[in-house]
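Here's a short tour of a protein model, written for someone who is new to reading structures. Keep the picture open while you read.

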Amino acid sequence: MIKNIKGIEVVGISCCVPKKKIINKNIPNHKNIKRIIKTIGIESRPVASDEICTSDLVVKSANHILKKLNWKSEDIEILIFVSQTPDYLTPATSGILQDKLQLKKSTLVLDINLGCSGYTHGLITISSLMKNLNLKKGLLAVGDVGTQLVNKDDKVANLLFGDAGSVTAIRNVKNDSENLYCDYYSDGAGFQDIIVPSHSLAGRNKLSNRQIIDKKDVKKNVRSNANIFLNGASIFNFAINNIPSFIQSISHNIKNIKFCFLHQANKMIQDSIENQLNKNKNKFIFPTSLKNFGNTSSASIPITICSNYANKKLPGYSLLCGFGVGLSISAVVVNLRKTKIFKIIKL
Amino acid sequence: MNNIKKILKDLSIILEKKNLKETDKTSQLKFFDSVIILQIMNLAKATYDKQIDGVKVEKCNKISDIINLIAE
């Protein structure tokens with residue numbers, strides 16, 4: 001069921017990616033690479049060096065947006081950080097960000113552990129908290145250095161991910177015409193479909209020396225339990241069988257949706273969802289950023305917005321839909337006509 | 001063109017094999033990897049409105065087994 005959070009304005013969106021770039025076709029010792037690149041639609045990806053943490057990308061992005069919007073750090077009352085590659089398992093990275101950005105100590109800061117649905121889940125969470133606690137200005141920080149979770153000998157996963165950080169500036173306004181509509185869906189039974197099997201400090205999944213030994217699976221992909229595992233077939237079925245109907249039910253209730261920004265998983269999923277939704281007429285515009293950024297996890301929706309519409313306006317409603325790890329889906333419909341969309345910067 | 005012939009033609013494009021036959025073995029194809037399996041699942045959904053299980057596709061020994069999965 002669609003919910004409406006009234007009086008929330010997305011003021012600006014900024015993104016930051018690492019300077020280093022990997023060109024997929026140049027990856028050595030990879031059979032059939034051209035065919036796989038054509039199918040996934042990813043030609044190059046920004047990749048963080050081992051020294052870069054997610055917070056580094058987010059801090060650069062946050063400083064950029066604060067400066068461009070002329071917002072003072074002391075005016076920020078809430079910061080939410082969404083990632084599946086935080087700087088530490090504990091403490092929360094949002095606290096580190098609070099200090100690095102010199103936000104006041106009364107700022108509400110918290111982390112959310114989510115990946116590809118993280119941006120839209122984050123927008124829903126920050127908007128709800130800002131309304132309920134009457135907070136005026138907030139920052140939603142999302143990002144991942146997902147390439148560091150991938151085993152370089154995992155033939156397909158190693159071609160998918162890009163690294164990025166993004167910050168979205170949110171304002172709580174009195175104008176009730178600024179609506180943020182949202183809907184969400186969770187299916188925890190699929191938790192093993194996208195998983196880092198041993199990424200915990202405690203309990204039976206605790207990271208140990210035994211867990212970091214590389215093993216070859218039946219498809220000859222190599223990974224350890226500290227690497228990310230993707231069950232491609234299950235994720236594919238989850239996405240193409242749930243997302244179109246999920247979006248259709250939203251668009252049935254909210255008119256004037258012009259743009260549909262999907263999480264950028266891969267070209268095949270993007271095309272399948274687009275074809276199902278635009279079956280008989282070109283109802284929505286589906287921008288993409290896969291070709292040069294890959295799957296940037298929680299940052300893929302802002303990366304798609306900033307890479308296609310920097311310094312431009314987005315008229316009409318935009319539907320943003322994240323989906324993936326959990327398994328989870330969430331969508332937000334928001335008017336971005338006044339939103340300042342900044343050019344992607346590099347670290 | 002009946003459905004089976006059409007599926008065979010669609011599979012020959014995905015598998016990049018001209019004159020693909022129903023009796024051809026998947027083990028003898030140039031490639032039959034996880035990306036091909038996703039492409040077959042996508043074909044089933046997009047063209048034949050059929051949801052098929054990737055594990056079942058992977059277990060197919062012959063092209064006719066894949067056709068049956070899509071056509072049944």
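## Where the two chains meet

How many residues does the contact take from chain A and from chain B? Chain A gives 14 residues and chain B gives 14 residues. Keep in mind that this is a predicted model.

On the side of chain A that touches chain B, the elements that supply two or more residues are α1 (33-40), α6 (232-253) and α7 (267-277) of chain A. The largest share of that side comes from α6(A), with six residues. Sort the residues of this side of chain A by class, and you get six nonpolar, seven polar and one charged.

## Chain A as a whole

Now zoom out to chain A. Its secondary structure comes to nine helices and 18 strands. Picture a box of roughly 55 × 50 × 35 Å, taken along the principal axes: that's what the C-alpha atoms of chain A fill.

Next, find helix α2 (residues 54-69) of chain A and helix α3 (residues 93-100) of chain A. Their axes come within 10 Å and cross at roughly 40°. Because of that angle, α2(A) is oblique to α3(A). The crossing of α2(A) and α3(A) is right-handed.

Which residues make the contact? From α2(A) they are T54(A), S55(A), V58(A) and V59(A), while α3(A) brings T93(A), I96(A), L97(A) and K100(A). By class, this contact of α2(A) with α3(A) has four nonpolar, three polar and one charged residues.

## A proline in a loop

Last stop: P197(A), which sits in the loop between β10 (194-195) and β11 (215-216) of chain A. Why does P197(A) count as partly exposed? The reason is that P197(A) has 16 C-beta neighbours inside 10 Å, and a residue needs 20 or more to be buried, or 12 or fewer to be exposed.

Leaving out residues up to four places away in sequence, P197(A) touches N205(A), N225(A) and F229(A).

How values were computed
Residues are numbered from 1 along each chain as its sequence is written. Chains are lettered from A and ligands numbered from 1 in the order in which they are written. This is a predicted model: local features need pLDDT of at least 70, side-chain atom pairs count only at pLDDT 80 or more; totals for chains, interfaces and linings use all residues. Axes are lines fitted to C-alpha atoms, for helices over the stretch in contact, and angles run from 0 to 180 degrees between N-to-C directions. Helices (H or I, at least four residues) and strands (E, at least two) are DSSP runs, numbered from the N terminus. Angles under 35 degrees count as roughly parallel, over 145 as roughly antiparallel, 65 to 115 as roughly perpendicular and the rest as oblique. A crossing is left-handed if the near helix is turned anticlockwise from the far one by less than a right angle, and right-handed if clockwise. Two residues are in contact if their C-beta atoms, placed from the backbone, lie within 7 Å. Ala, Val, Leu, Ile, Met, Phe, Trp, Tyr, Cys and Pro count as nonpolar, Asp, Glu, Lys and Arg as charged, and the others, Gly among them, as polar.
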